[in-house]
Amino acid sequence: MDYDMLVIGSGPSGRRAAVQSAKLGKSVLVVDRGRRLGGVSVHTGTIPSKTLRETVLNLSGWRERGFYGRGYRVKQDISVGDLIQRLHKTLDHEVEVLQHQFMRNTVKSARATVKFIGPNKVSLTAENGDYSEVGFANALIAVGTRPHRPRDVPFDKTRIFDSDEMLELDRLPRTLTVIGAGVIGVEYATIFSALDVPVTLIEPRNTILDFVDREIVDDFIHQMRDRGMTIRLGSAVKEIASKADHAEVTLADGRTIRSEMVLYAAGRSGNVGALGLDVVGIEADSRGRIKVDPQTFQTSAPTIYAAGDVIGFPSLASTSMEQGRVAACHAFGVPLPPAPETFPYGIYAVPEISTVGQSEEQVRENGGAYEVGVARFRETSRGHIMGVDTGFLKLLFSVETRRLLGAHIVGEGATELIHIGQAVINLGGTVDFFVNNTFNYPTLAEAYKIAGLDAWNRMGRG
């Protein structure tokens, strides 16, 4: 059987490419080796970690502690069972929605391992050993990534875990060490910290989240330390050992950190090993990432595209979806307008971080006079009502054009609030938008008006 579009992987980019191709009247087959559709995003990545976060914040009473003090709890003894129950419910719903979407759009799906055996042909091997061959006019590699697991780390799912295995815990750790302060590391570290688990976060580099505005990161680190997390920056790990009753992490400077469990979250690798990429002349780098044309998402083989985490940064579900759609449209000659330059980035830690446009460091590097407007959430009436005493919004404006260049938020609701900044940047809006427009009161979004006025007061009327 031949298909117009073969999609390998059913995560965000694969799903969007499949549906887009089907809407163009093309025959589509989605192949995934996982037990259920949805890929890493649904089963071990985006959805589970965000569901876990939401459950922890609700059950721990974290959001109410600004009012009732740090000792406040909604549920005294939170168990893994409490967390997993909600997780399975959410995942089941996500898979159902996806299956229905494929059915509605006549997208066929198969569960098998895929291997390229020619420039327009793959073999499919099912779990029971059934073998078949499928031809394709176009293909999209959307296989995602898996946690990077160095050989010298003794993963045992008892004391030492990777980020996928954290969803299979049979008990909550009494103490936790997280190695790697990337997005996944800080998300899990702060989620467990919100459960009042003492957490140590270790990062070999001296800085974290380098793509985020420094002031936002500094505030984030301050908030983590303020609630008792231990953060060791510039600390390389020499050895990780699993003992009978604890795990031990030895740092290069000789210090030792003991905890009940260790989460190793230092990077991810592309799932390209079994694809037989050499047959079609595609090369992956040392971390299994595939190089593509950033406009079309074509690989070095013109009829084969790649999208999602397997092509590297930004590795977001939101951008991956868009990449899948663009790849499908290009494959079938449907012209698309150029994508907006800016997209929002969300980090679902506790507190959330979200950012769009240029950071202050980038604005300074680009030259030209700029002004900053800041609003702390505690300055808004809604902040008082919610008991929010931390978090702030930072806006960057060009003095010459008055246009908004970047918006950066750390605090409750950051990933929702960022879209106002995104809209204003992409529509070419200026500081005057925030000064002249009325915002709902009381809301956290009102912080945009406060920050706009803060900048406007220094910029003048223009």
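A residue is called buried when its relative accessible area is under 20%, exposed when that area is over 50%, and partly exposed in between. In this predicted model, Val183 has a relative accessibility of 22% and therefore counts as partly exposed. Val183 is placed in helix H6, and, when its neighbours within four places in sequence are left aside, Val183 is in contact with Leu209, Phe211, Tyr345 and Ile347.

According to an unreviewed UniProt entry, Val183 belongs to a feature named "binding site", which also takes in Gly180, Ala181, Gly182, Ile184, Gly185, Val186, Glu187, Glu203 and Gly267. Although these positions are spread over 88 residues of sequence, they cluster in space, with a largest C-alpha distance of 13.9 Å. Gly180, one of the residues listed in that record, is found in the loop that runs between strand E9 (176-179) and helix H6 (183-194). Because its relative accessibility is 5%, Gly180 counts as buried. Apart from its neighbours within four places in sequence, Gly180 is in contact with Gly185, Val186, Leu201, Ile202, Glu203 and Ala265; among these contacts, Gly185, Val186 and Glu203 are also named in the UniProt feature.

Phe211, which is one of the contacts of Val183, takes part in a nonpolar patch on the surface together with Phe313 and Phe343, and the accessible area of the three residues together is about 300 Å². Phe343 has a relative accessibility of 34%, and so Phe343 counts as partly exposed.

Notes:
Residues are numbered from 1 along each chain as its sequence is written. This is a predicted model: local features need pLDDT of at least 70, side-chain atom pairs count only at pLDDT 80 or more; totals for chains, interfaces and linings use all residues. Side-chain values use heavy atoms; hydrogens and water are left out. Patches are made of residues with over 30% relative accessible area and no salt bridge: like charges are joined within 9 Å, nonpolar side chains (Val, Leu, Ile, Met, Phe, Trp, Tyr) within 5 Å. Accessible areas come from the Shrake-Rupley method with a 1.4 Å probe; for residues, only the protein chains shown count as cover. A salt bridge is a side-chain nitrogen of Lys or Arg within 4 Å of a carboxyl oxygen of Asp or Glu. Buried means under 20% relative accessible area, exposed over 50%, partly exposed in between (1.4 Å probe, protein chains only). UniProt positions are given in the numbering used here, feature names are shortened, and annotations may be inferred rather than shown by experiment. Helices (H or I, at least four residues) and strands (E, at least two) are DSSP runs, numbered from the N terminus. Contact means heavy atoms within 4.5 Å.
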